[in-house]
Amino acid sequence: MPTSRSTRIVLYVYGVLVIAFLYIPLVSVGFASVSKARYLTFPIKRYSTKWYGEALGSSTVSELLTTSMTVAVLVTVISVVVAFFGALAFARYHWRFRTTFQKLILLPIFFPQTVLGLALLMWFNSLGIIPTWKTAVVAHLVWIAPIATLIVAIRAYSFDPALEEAARDMGAGTFTILREITLPLLMPGLVSAGLFAFLLSWGNFPLSLFTTGADSTLPEWLYAKMVSGYSPLVPTLGVMSVVGSFVLIIAAFAVARLLRANKETSAVQD
Amino acid sequence: MGSPGLLRLRGVVKRFGSFTAVRDIDLDIVEGEFFTIVGPSGSGKSTLIRLLVGMDEVTEGEIWLRDKRIDKTPANLRPTCMVFQSLALFPHMTVGQNIEFPLKLRKEPQDKRRARAEELLDLLRLPRSYYDKRISQCSGGERQRVALARALAFDPEILFFDEPLSALDYRLRKTLEKELKDLHARTGKTFVYITHSLEEAMVMSDRIAIMKEGRFEQIAVADEIYSAPVSRFVAEFMGEVNLFPLSAGADGRIASDALSVRPGMRLSQLTPGSGGLLMVRPEYVRLAGDADGFDFSLKGIVHGEYALGSRIQYEIETVNGMVTVEKLREDRLTATEGQTLVLGFNAENTHFIGEAA
């Protein structure tokens, strides 16, 4: 459909406004992180990378990053494993309570995270478990594993059950089918589920707040510092966290692209 | 076909809860034959083939392959293989990897696998360069051939087919039907094929079984199924047909509400006091000015004319309802719609279906 000049202008303006709305806050955090001043004021008078140096040298920061990273990696690994088997139960096999299972497993996603966090904290207390980053892993899993399962299930729904039957018919046992057919076909779903799990855990605040106990993740620390004792270390770490996430996503895409390219070259050689 | 059955079914029953999909089936499939099971959807043919392949378990009965009872053997341990309706080609593998899959499972060395895959590509008339192609780069007909090659690589005792041609367009289907028949002849394998298309069955099969509500109505060679169906269901399933109710009096004289019968006509299958249906295929009905020289005749008004390509079909309104008549294009009628004619046919071109059926 041809668009008139005036329509095009409106579209451009609209597009720019939406992008600005989404990104100006992030950019301003970036600016704040390179300000030399102790408090955030605009316009920034003197720039400095001092806080980045400080962040990299700080033992608090490295402790925070270690905690957040440990939680996120564990949540990712466990979520992907749970999602793989959960999605198979969800989408591939017909069994008596399947539809009930499908609904129940998705329910935690719809709980407000603060409510979920509070409920888990009360539950841990009543069991006499002292909250640490390990309980946070459990808390994150309650919310993230269903999302990962859903992502893998969508993939599982989209492939023909006859593929597994055909493999069996040609002599493959259950384990071989899993390795040769099911796993490779679900791989794109598992990769995106893993990415989501990592990012959701890495950036999670409400669940961590309730369930980490004396330990602290990066988002928790950022919040605590905003409430009392702001320093430019806050935006600095914020920026570092965002950059870290971006690097992860780009790396994942690069790996996916590399794998595809490999397959294609092996397909055209000869 | 006197040789002993390669695959034997004895009293095979399959129930899903209270629903019986397959009812007490006995069957002997002879080594090397092309056997087709035809039936409408819901007739139980897909259930039956799943039992034969081992993807579902029989509720009752026995399945024997040569001298081994296999009905408790799971699909992956049976020496048979199926070409699926969806073909079930692995999308994450190349054509070559698909074909080699059953060989890889048997841990055959790479060079032997490749040699066999290339042999099969030749057999299925696919260029060897397809070895490294992805499945998504193949056309419908090519995928069909890849699926066949993969099944043949397995080297099954019996090759099963679950309507693999149903998703293809008419011309490609026609070509592949002939190719399948040809492949059957060249490989000498036993093929068991299921389809809802009688035409497909007629082109390819040595024997055909017509299935209805979980039972076989008739098992016979294609010609016999066409010319001598055992029931109204089989007759109507096997293409256009005209059926006339008949009965015989105590003296053996034929009585019919619709047909004028030549005086003194007798049908050997029509015993005195019984009744049934007289079947005549559209190509055997003659159109004439009067009833002279016909064993059976009736009057009708030309209702419609339909071109079928090489043949022309007429619908003619009679006291027995619409009667279908077919002529070759060169024998096209001069009659026009609304004209009254006499339809006649002779006993040698008819088939009698007894009352019970």
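1. Helices α4 (140-153) and α5 (170-187) of chain B each supply at least two residues of the lining of the largest cavity, and α5(B) gives the most, with 5 residues; helices here are DSSP runs of H or I with at least four residues, strands are runs of E with at least two, and both are numbered from the N terminus. This is a predicted model, in which local features need pLDDT of at least 70 and side-chain atom pairs count only at pLDDT 80 or more, whereas totals for chains, interfaces and linings use all residues. Residues are numbered from 1 along each chain as its sequence is written, chains are lettered from A and ligands numbered from 1 in the order in which they are written, and side-chain values use heavy atoms, with hydrogens and water left out.

2. The structure holds 3 cavities of 30 Å³ or more, and about 90 Å³ of space lies in the largest cavity. A cavity is a set of points, on a 1 Å grid over the protein atoms alone, where a 1.4 Å probe fits but cannot get out, and its lining residues have an atom within 4 Å of a point; the volume is the space filled by probe spheres set on the points, which are joined across faces, edges and corners. The lining divides into 7 nonpolar, 1 polar and 4 charged residues, and includes B:Arg125, B:Gln144, B:Arg145, B:Glu179 and B:Arg186. In this division Ala, Val, Leu, Ile, Met, Phe, Trp, Tyr, Cys and Pro count as nonpolar, Asp, Glu, Lys and Arg as charged, and the others, Gly among them, as polar.

3. B:Arg78 is found in the loop between β5 (68-69) and β6 (80-83) of chain B, and it counts as buried because its relative accessibility is 2%, the limit for buried being under 20% relative accessible area (exposed is over 50%, partly exposed in between, with a 1.4 Å probe and protein chains only). The side chain of B:Arg78 reaches the backbone oxygen of B:Thr73 at 2.7 Å, and one of its polar atoms lies 2.9 Å from the backbone oxygen of B:Ile70.

4. The buried residues of helix α7 (residues 161-169) of chain A include A:Leu163, A:Glu164 and A:Asp169, and their cover includes α3 (59-92) and α8 (174-202) of chain A together with elements of chain B, among them α1 (45-53) and α2 (95-105). At the start of α7(A), a side-chain oxygen of A:Asp160 reaches to within 3.0 Å of the backbone nitrogen of A:Ala162, while α7(A) is followed by A:Gly171, whose phi is positive, near 110°.

5. B:Thr350, in strand β20 (residues 350-354) of chain B, counts as buried because its relative accessibility is 15%. Leaving aside neighbours within four places in sequence, B:Thr350 is in contact (heavy atoms within 4.5 Å) with B:Leu278, B:Met279, B:Val280 and B:Phe345. A polar atom of the B:Thr350 side chain also lies 2.7 Å from the backbone oxygen of B:Ala347.

Note on methods:
Polar contact = N/O pair within 3.5 Å; in protein donor to acceptor, adjacent residues only side chain to side chain. 1 Å grid on protein atoms, 1.4 Å probe; cavity = no way out; pocket = protein on both sides within 12 Å on 5 of 7 lines; lining within 4 Å.
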